[in-house]
Amino acid sequence: MKKNKTKLEKERLEIIGNMPCYACYQDGREVNAEVHHIRKHTGMGLRPSHFDTIPLCYEHHRTGKISVHLGKKAFVKRYGTEQEILEKVNREIEKCKEENQVIF
Ligand SMILES: [Zn+2]
Ligand SMILES: [Zn+2]
C-alpha cells in the first residue's frame, strides 16, 4: 500500500469523510461518518477503488448489528445495497459540487 493517492482520490475521500452517515441520515439523524470502501466481486486481487466509497458512521460501518462489515444482510435489507448507496452518494456529490456544499 505504498502508492500515493492522486489529487482526485484525496478530494473524493475528503468529501466522503465530511458527509454525514448515509444510514443514519435515512433515519433522520446526522452523524459523523468514516469512509467505507466497497469491494466489488469482479476478480481476485482487485483493490477497492477510492472512488467506490460511501460515508458510514462507525456503528453502521463496522461495530453495529446493522453494519456493512458485521451485519451486511440486515444492513442491505434496511438501507439498500452498497452499489445503490454509492449511486445515490455520487449523485449527491455531483449536485453539491454545483451548489458548492456537501449535504445529502
Ligand atoms: Zn450511521
Ligand atoms: Zn469498510
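This is a predicted model: local features need pLDDT of at least 70, side-chain atom pairs count only at pLDDT 80 or more; totals for chains, interfaces and linings use all residues.
**Strands**
- Strand β1 covers residues 34-37 and runs antiparallel to β2, with four bridges joining the two.
- One spot to look at in this pairing is E34, which stands opposite L56 in β2.
- β2 is covered on both faces: T53 and P55 are buried on one side, while I54 and L56 are buried on the other.

**Nonpolar core**
- The largest nonpolar core has 13 residues, and the members touching the most other members are C21, Y22, A23, A33, I54 and L56.
- Elements giving two or more residues to this core are α2 (22-26), β2 (53-56) and α4 (72-79).
- So which residues does A33 touch, leaving out those up to four places away in sequence? On one stretch of the chain there are M19, P20 and C21, and on another P55, L56 and C57.
- L56 turns up again and again here: it is one of the core members with the most touches, it is buried on a face of β2, and it sits opposite E34.

**Contacts along the chain**
- Take the contacts in the protein chain between residues at least 6 apart in sequence: 48% of them join residues at least 24 apart.

Conventions: Residues are numbered from 1 along each chain as its sequence is written. Chains are lettered from A and ligands numbered from 1 in the order in which they are written. A nonpolar core is a set of buried Ala, Val, Leu, Ile, Met, Phe, Trp, Tyr and Cys residues joined through C-beta atoms within 7 Å. A residue is buried if 20 or more other C-beta atoms lie within 10 Å of its own, exposed if 12 or fewer, and partly exposed in between; C-beta atoms are placed from the backbone. Two residues are in contact if their C-beta atoms, placed from the backbone, lie within 7 Å. Two strands pair if DSSP finds at least two bridges between them.
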